[in-house]
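Subject: Structure handover

Hello,

Here is the structure I said I would pass on. My notes on it follow below.

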Amino acid sequence: MTDISRRSLAAGAGLLAGALAFGTRAQQMAPQMATAIPVPKITPKPLVINPDKVKGLSGDLLRSHHDGVYAEEVKKLNAIGEELSKLDLAQVTPQKLGDLKRDEQAAHNSTLLHEIYFDGLSEAPTQPSGLLAQALSRDFGSFDRWKAEFRLIGESLNAGSGWVILAYAPREKRLLNHRTENDSMAPAGSVPLLAMDMYEHAYAADYGTDTAKYIEAFVQAIKWTSAERLYREAMRV
Ligand SMILES: [Fe+2]
């Protein structure tokens, strides 16, 4: 075989290989645009307290909050995840995808913050201790000053929605109280340790519009051992 023939053969083989590779990529791309991807389902966490024994918050309120709001948010998050996994990305409009991602973020935050909220309530309230107590004093001046700021942030959320979140910020290596006006505003990077629900469904049945009384009841019912566990985990981030 001449050099020219060899070169022609090699070029032809290269083109064939390229065409095959393109065909393979195209075949791989097409199904990925439309094929459902397995999405883990979230299961609602049960209440670990007796809702009738939390001082300052009624059992009926806590049950309806847990079963009627939190559990429904979990269902919503699962449904959105399933819908997203089945989307044909070659067909869906950016607006439709954007709406789903907006709703997914809100449901993601809502479910996570509700779990921290319910885990943070106790039949027998505790006081902060150990490393978390030291960090509260270090980052807020004192535990009382932390409480005052936390309460006031809650009172600023008087429009029937939002969260007050005690969080650990790994970048600054410190605790912060965050204020969000809705489920979508959770801060980037921070690890929530304690969350106070300021949505109307969290207090109206017991306190009407008197958010100050609800906030006082919540602060008195905090199970600090839950926040301490989350703080220890957060410091390893
Ligand atoms: Fe809630």
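Which residue just after H4 takes a positive phi? That residue is Gly141, with a phi of about 95°. Before going further, please note that the model is predicted.

Confidence

The mean pLDDT of the chain is 88, and 84% of its residues reach 70 or more. Residues 1–29 have a pLDDT below 50, and beyond near neighbours in sequence this stretch has one contact in the model.

Overall layout

The chain has eight helices and three strands. Read from the N terminus, the order of the elements is α-α-α-α-α-β-β-β-α-α-α. Of the 237 residues in the chain, 26% are buried. Among contacts with a separation of 6 or more, 71% are between residues 24 or more positions apart.

Helix H4

Helix H4 covers residues 130–140, and its buried residues are Leu132, Ala135, Leu136 and Phe140. Seen down the axis of H4, these residues fall within an arc of 105°, so they line one face of the helix. Gly130, Leu131, Gln134 and Arg138 are on the other side of H4 and are exposed. The cover over the buried residues of H4 includes H5, strand S2 (174–180) and helix H8 (224–234). Gly141, with its positive phi, comes just after this helix.

The hairpin

Strand S1 (residues 163–169) and S2 run antiparallel to each other and are joined over seven bridges. Within this pair, Leu166 stands opposite Asn177 in S2. The two strands form a hairpin with four residues between them. In the turn, Lys173 has a positive phi of about 55°.

Helix H7

In helix H7, which spans residues 211–220, the buried residues include Thr211, Tyr214, Ile215 and Phe218. Viewed down the axis of H7, its buried residues fall within an arc of 100°, so they line one face of the helix. They pack against helix H5 (143–156), strand S3 (191–197) and helix H6 (204–207).

Regards

Notes
Residues are numbered from 1 along each chain as its sequence is written. This is a predicted model: local features need pLDDT of at least 70, side-chain atom pairs count only at pLDDT 80 or more; totals for chains, interfaces and linings use all residues. A residue is buried if 20 or more other C-beta atoms lie within 10 Å of its own, exposed if 12 or fewer, and partly exposed in between; C-beta atoms are placed from the backbone. The arc is that of the directions from the helix axis to the C-beta atoms. Two residues are in contact if their C-beta atoms, placed from the backbone, lie within 7 Å. pLDDT is the predictor's confidence in each residue, from 0 to 100. Two strands pair if DSSP finds at least two bridges between them.
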